[in-house]
Amino acid sequence: MRVAMIGTGYVGLVSGACFSEFGHDVTCVDTDASRIAALEAGRIPIFEPGLEEVVARNTKAGRLHFATDLTEPVAQADAVFIAVGTPSRRGDGEADLSYVYAAAEQVARAVDGYTVIVTKSTVPVGTGAEVARVVARTRPDADVDIASNPEFLREGSAIEDFMRPDRVVVGVRSQRARDAMRLVYRPLFLNETPVLFTDLETAELIKYAANTFLATKITFINEVADLCEKVGVNVQDVARGIGLDKRIGAKFLHAGPGYGGSCFPKDTRALVALARRAEAPLSIVETVVAVNDARKRQMVDKVVAACGGSVRGRKIGVLGLTFKPNTDDMRESPSLEVVPGLVNAGAEVSVFDPEGMEEARKLIDGVAWCDDAYAVMSDADALVIVTEWNQFRALDLARVRELMRVPLLVDLRNIYTLDEAREAGFVYHSIGRPK
Ligand code: NAD
Ligand code: UGA
């Protein structure tokens, strides 16, 4: 099959590269010329483990191409995927669909012969139907079907998630579109991956409901962690104890500084807005959004309290800036609350992140940027772990202890055991565990 992928961000590039791995002929299109130039030169513009190899292999095999102009790739394509951003609209939290509709119009102008136009971006109920109207208005003569194929990959494990998904969801309106989408995902059908065909609206809502459910699960365990701190219980034991119940499941029960990233925050807000508009408010999700926003700010208070009530003039080292490990994505990262919060409270803050520094420099002011993990802690009065990169799990604690002025460790990701922190001589504060 010939596939055009419109938008070459985290989702578009991974999906495009993986579709070429399935054997399809894929062109990834982006309006950002520097991104396409980098890809054409063999450079990957984002950090995503394993992506470079998949891109290199398929580019070399002649199955994966890049372009800034969608005209030709779309004209030649059997399936066109729209994978552009759907950020939060300022003010009302609704998804900003302007990129999706602009792309739909451009695609409509270029299609030639029967084509399935597929929304891969995360979009509210009704967007696929509106894409169909945009296309019909722009090109009444076009022979097209509209489909919705939300993406469930996670950053940091995107290739594995795409190639071996728990399920694929495809919303269609016709048998012809269903057949075309079966061909797109043929290798996964052969693998017996569950593929769920629905209508457009159901596929759209499944995506938001899935992300919101996961965000709720995290927020639940975060609040339980706060309770644990008050009643002297270890939240990790509670998470294990409930997670072994298959109806609950062990995943997404890691207490931390609040969920971040390019999707959970914006998608929970968008579902709240959609539900209010539909006059069926989702009060649980509204609470999740409020609790998570407050939690990120409360992490500053937690560090201040650990430092004895003030951080004015104190040297604080921060490890980890990205919203999760194995990505360079800084969008809505808890660090964007924690670091400026500490700076505003008068601390001298040094930071390090393995992949997020370049992006973080555009978003954070007034800190010292360090070249490695140990540099942030020299003479520090406190060390704060914000993101659980593997390299921070394996710190030489004796060396850390020696470098720091005061042996105070505030671990917002629970990556050390209480015993190892204590034995290494630290005063150790973590999330939802007895001191
Ligand atoms: P992104 O911001 O990383 O990338 C979007 C890209 O689209 C940008 O490079 C932009 O230049 C390009 N673009 C915008 N308009 C264009 C146009 N008309 N023609 C060509 N290119 C255009 O976004 P992302 O993180 O990949 O997310 C894309 C969508 O996928 C969002 O709706 C998001 O919610 C959803 N999603 C993201 C993830 C994730 O892990 N990031 C996972 C699942 C779903
Ligand atoms: C999430 C979903 O997991 C994907 O299925 C979905 O496709 C994607 O959003 C999307 O729609 O974009 P992602 O944001 O890449 O993926 O990363 P997650 O691993 O889900 O983590 C999101 C946030 O939750 C991070 O800040 C992470 O630290 C936090 N988290 C996650 C916890 O605090 N505890 C957990 O147990 C799990």
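This is a predicted model: local features need pLDDT of at least 70, side-chain atom pairs count only at pLDDT 80 or more; totals for chains, interfaces and linings use all residues.
Residues are numbered from 1 along each chain as its sequence is written, and chains are lettered from A and ligands numbered from 1 in the order in which they are written.

The protein is divided into domain 1 (2-198) and domain 2 (235-429); such bounds come from an automatic or database domain assignment. Taken over C-alpha atoms, the centres of domain 1 and domain 2 are 33 Å apart. Across the boundary, 15 residues of domain 1 are in contact with 15 residues of domain 2, where contact requires C-beta atoms, placed from the backbone, within 7 Å of each other. The side of domain 1 that touches domain 2 is made up of seven nonpolar, four polar and four charged residues. In this classification Ala, Val, Leu, Ile, Met, Phe, Trp, Tyr, Cys and Pro count as nonpolar, Asp, Glu, Lys and Arg as charged, and the others, Gly among them, as polar.

The largest nonpolar core has 123 residues. A nonpolar core is a set of buried Ala, Val, Leu, Ile, Met, Phe, Trp, Tyr and Cys residues joined through C-beta atoms within 7 Å. Buried means that 20 or more other C-beta atoms lie within 10 Å of the residue's own, exposed means 12 or fewer, and partly exposed is in between, with C-beta atoms placed from the backbone. The residues with the most contacts inside this core are Ile6, Val80, Ala104, Val107, Ile117, Val303 and Val384. Helix H10 (residues 200-231) gives the core its largest share, eight residues. Helices (H or I, at least four residues) and strands (E, at least two) are DSSP runs, numbered from the N terminus. Domain 1 (2-198) and domain 2 (235-429) each contribute at least three residues to this core. For Val107, the contacts beyond its neighbours within four places in sequence are Ile6, Leu70, Val74, Val80 and Ile117.

Next come the ligands. Ligand 1 is surrounded by 27 residues, of which Gly7, Gly9, Val11, Ser121 and Thr122 are the closest. A residue is near a molecule or strand if its C-beta atom, placed from the backbone, lies within 6 Å of it. Helix H1 (10-21) and helix H5 (98-110) each supply at least two residues of this shell, and H5 has the largest share with four residues. By type, the shell around ligand 1 holds 11 nonpolar, 11 polar and five charged residues.

Around ligand 2 there are 21 residues, and Glu155, His254, Tyr259, Gly261 and Cys263 come nearest. Ligand 2 lies between domain 1 (2-198) and domain 2 (235-429), because both give residues to its shell. H10 gives the most to this shell, with three residues. The shell around ligand 2 divides into 10 nonpolar, seven polar and four charged residues.

Ser15 is part of helix H1. It counts as buried because it has 24 C-beta neighbours inside 10 Å. Apart from residues up to four places away in sequence, Ser15 touches Met5, Phe81, Ala83, Lys120, Glu151 and Phe162. Ser15 and Asn326 are 311 residues apart along the chain, and their C-alpha atoms are separated by 18 Å.

Asn326 belongs to the loop between strand E9 (315-319) and helix H14 (335-344). Its phi is positive, about 65°, although it is not a glycine. With 20 other C-beta atoms within 10 Å, Asn326 is buried. Glu332 lies in the loop between E9 and H14, has a positive phi of about 50° although it is not a glycine, and counts as buried with 21 C-beta neighbours inside 10 Å.

An unreviewed UniProt entry lists residues 317-418 as "domain: UDP-glucose/GDP-mannose dehydrogenase C-terminal". UniProt positions are given in the numbering used here, feature names are shortened, and annotations may be inferred rather than shown by experiment. The span of residues 317-418 is 26% helix and 18% strand, and its end C-alpha atoms lie 20 Å apart.

Val427 lies in strand E14 (residues 427-429). It counts as partly exposed because it has 14 C-beta neighbours inside 10 Å. Not counting residues up to four places away in sequence, Val427 touches Pro407 and Leu408. The C-alpha atoms of Val427 and Ser20, 407 residues apart along the chain, are 51 Å from each other.

Definitions and conventions. Two residues are in contact if their C-beta atoms, placed from the backbone, lie within 7 Å.
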